[in-house]
Amino acid sequence: MIGIEEKKYRIGFIINDASSDYSKGLVKGMQQACYENNCSLFIFPVGEFGMSYSPYGYQKRAVASMITKYNLDGLVFSSAVHGSHVSFEKLKEYIQTFSDIPVISLNSIIPGLPSIMADCEPGIINMVSHLITKHGCKRIALMTAGENSKEAEERTNAYKKALSKHGIPFDESLILYGFFSYQMAYKALEDYRAEHHFLDFDALVCLNDYMAYGAIDYCKQNHISIPNDICITGFDDIPKTSVSDPTLSSINQQIEIQGKLAVDSLLKMIKGEPVKDITKVPTKVRYRQSCGCIDLKESYFDYETEQYTVISKESTLRNNSSSEWLVRKDQLVEINNYFSNSQGQINLYDFTGNFQFTMTNFSVSAAAVCIYEDPIYEPKIFDHFEFPERTFVLAAYDNTRNFSYKRDENTQPFNPQEMIVPKEYMEFSSDTYFVVALSNCEYQYGYMVFKAGAYDEVMYDLICTILSHQLASAYKLTKDQEERAKLDASNRHLRQISRTDELTKLLNRRGLLELGQEAIDLALKREKTGLVIFGDMDNLKRINDTFGHDSGDKAIIATANILQKVFRTNDIIARIGGDEFAIVAPGLDNYSFTRIKEKIEKECIEWNSQNENDFKLSISLGFTTFNAENFAMSALLLEADAKQYKEKRLKKSKESDKART
């Protein structure tokens with residue numbers, strides 16, 4: 001109907017490593033399909049399932065638990081990759097945890113799920129047959145993955161079928177295990193040579209290109225000529241195969257087509273349309289220098305097809321490769337600078353302040369960091385992560401709509417299993433977003449969602465790692481600062497209690513000696529003098545004895561209130577004994593004391609007239625002046641007390657004379 005906007009679907013892709021050429025090819029195909037269908041693509045790089053190459057690499061898997069019907073409409077699962085280190089049953093159990101949304105499996109047949117499969121058998125058979133018939137190889141070794149990889153198992157079976165087709169018996173000793181890894185392939189050849197003393201085969205078929213390059217570099221290091229001594233072939237036909245030395249004969253899976261078909265099939269499932277159980281994408285062989293089809297000196301041809309048609313290399317290909325290397329070098333320099341700058345300590349306030357600038361500098365146009373109330377301890381490899389229901393957006397921005405946000409006291413929590421990021425912080429367009437865990441060692445702090453820019457995926461992986469460490473450091477510093485602030489507040493409270501008179505809430509003797517001396521020292525630094533005044537309530541003992549201690553307390557409190565009313569707010573007022581008070585008054589002089597004394601007497605008379613008590617308030621006062629020669633608080637109190645005592649004796653003498661008359 002006109003006026004009704006078609007629903008924008010959210011497609012998820014769960015992969016171990018978004019920076020691999022295999023993943024990049026799949027993503028490129030998915031992006032094309034998502035663009036054509038106005039979909040958002042969310043990529044979850046979650047590391048290896050069932051194992052971890054690094055001590056804490058398993059923490060990446062946490063974000064997979066966000067894959068729910070509330071966050072996504074469908075999921076593409078890279079089954080072949082994730083099945084490399086676990087049993088097929090374990091893999092099926094894991095995929096079933098996403099059963100509330102439609103799922104497409106890539107390169108592994110999972111019962112109940114539509115699968116997009118590379119038809120590996122023709123490519124493997126053609127490659128092995130080519131080595132036998134074209135290059136005369138008779139002893140062909142195979143570099144494969146571990147026992148759990150269905151993908152490797154299918155390719156191995158095709159290898160065996162090709163040998164059988166040419167009457168060559170299968171030899172178990174020629175199976176080497178490189179686990180789809182450059183380093184493991186290199187080591188596998190080291191171990192083989194240590195056991196057999198030399199490489200006793202004339203060809204090595206590797207089931208991915210990374211293992212092939214591990215084997216090539218091993219041969220180079222040990223002066224084994226390729227292809228003269230050993231022909232080496234790969235599988236995947238990654239971009240490097242056309243420009244490496246030697247260029248690598250490989251099998252092209254048409255990965256981009258697989259990625260596009262996966263999204264197209266998933267959208268059909270979401271809409272309730274029928275989808276094939278298995279969709280096969282044919283593999284195509286590319287014969288290059290590493291098997292001997294193209295001369296090592298030839299730099300103008302890329303590969304020969306299965307029909308031995310020579311495909312010319314674009315004249316700009318090598319130059320473009322050099323440019324790409326220079327770009328990546330510059331990116332690494334920028335990231336290294338970021339790493340160096342991240343070594344300084346910052347708190348969460350500084351982290352949020354730097355976040356937009358940092359990520360924008362790395363060509364990220366929109367991003368959001370979401371954190372948990374407290375870090376979550378995850379000490380062991382896990383399949384599922386229990387997300388807390390209360391998660392907060394710490395910082396978010398979108399440069400395309402000039403939006404920026406930093407967490408404050410009004411930030412509301414949300415449940416990440418119900419929304420990846422609340423829409424008021426991040427609006428998802430028909431674009432590609434990465435969802436990565438933010439962890440440090442055994443602790444999960446949260447996750448980040450971002451729209452990647454011009455940097456290579458492996459660079460963004462490094463950036464996220466540095467950001468995770470910086471977040472962890474900022475969180476710890478912030479908590480330390482908060483704890484110190486609480487401790488300081490507690491200590492201040494305790495100091496205040498220890499300095500405060502419980503009855504009047506004025507300072508006590510300890511408070512006067514500490515703060516009074518500070519006030520004197522500060523006044524003298526400013527070249528000012530002042531007064532220390534000593535006051536003693538008149539007849540407090542008589543009030544207590546005659547009218548009770550409650551009346552005595554009332555008189556003490558009233559006297560304290562009068563002193564606070566008369567003296568300035570910056571004067572130091574204290575009750576230093578039962579009926580004794582003391583005041584430090586910077587800047588006052590003898591004349592000031594006379595005025596103050598008169599005001600206190602007036603206030604006492606007014607209080608006595610307004611309160612129906614059988615006792616009268618009165619206080620005797622004495623003072624001394626502090627200056628550069630006389631500034632010790634204890635000595636000043638004694639002097640002021642002595643003068644107060646003279647006044648009290650004079651008062652009593654006058655009262656006695658009055659009584660006699």
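**Talking through a predicted model**

Modeller: Q254 lies in the loop between β10 and α8 (255-270). Helices and strands here are DSSP runs numbered from the N terminus (H or I, at least four residues, for a helix; E, at least two, for a strand). This is a predicted model, where local features need pLDDT of at least 70 and side-chain atom pairs count only at 80 or more, while totals for chains, interfaces and linings use all residues. Residues are numbered from 1 along each chain as its sequence is written, and side-chain values use heavy atoms, leaving out hydrogens and water.

Colleague: Okay, why is Q254 called buried?

Modeller: Buried means under 20% relative accessible area, exposed means over 50%, and partly exposed is in between (1.4 Å probe, protein chains only). Q254 has 18%, so it counts as buried.

Colleague: And what makes the phi of Q254 stand out?

Modeller: Most residues other than glycine have a negative phi. Q254 isn't a glycine, yet its phi is positive, about 55°. N539, also not a glycine, has a positive phi of about 65° and sits in the loop between β20 (530-537) and α13.

Colleague: Is N539 buried, exposed or partly exposed, and how do you know?

Modeller: Its relative accessible area is 32%, so N539 goes down as partly exposed.

Colleague: How do you know whether the length of helix α5 fits its residue count?

Modeller: The expected span is 1.5 Å times one less than the number of residues. With 16 residues (150-165), α5 should span 22 Å, and its end C-alpha atoms are 23 Å apart, so the two agree.

Colleague: Which residues of α5 are buried?

Modeller: E151, A152, R155, T156, A158, Y159, A162 and L163. Down the axis of α5 they fall within an arc of 160°, so they line one face of the helix. That arc is taken from the directions from the helix axis to the C-beta atoms. The face turned away from the buried side carries exposed S164 and K165. Elements covering the buried residues include α2 (79-82), α4 (120-133), β6 (140-144) and β7 (175-177). Just after α5, G167 takes a positive phi of about 75°.

Colleague: What makes the pair T432 and Q31 a polar contact?

Modeller: The term needs a pair of N or O atoms within 3.5 Å; within protein, one must be able to donate a hydrogen and the other to accept it, and residues adjacent in sequence count only if both atoms are side-chain atoms. The side chains of T432 and Q31 pair up at 3.0 Å. T432 belongs to strand β18 (432-440), and at 10% relative accessible area T432 is buried.

Technical notes
Contact = heavy atoms within 4.5 Å.
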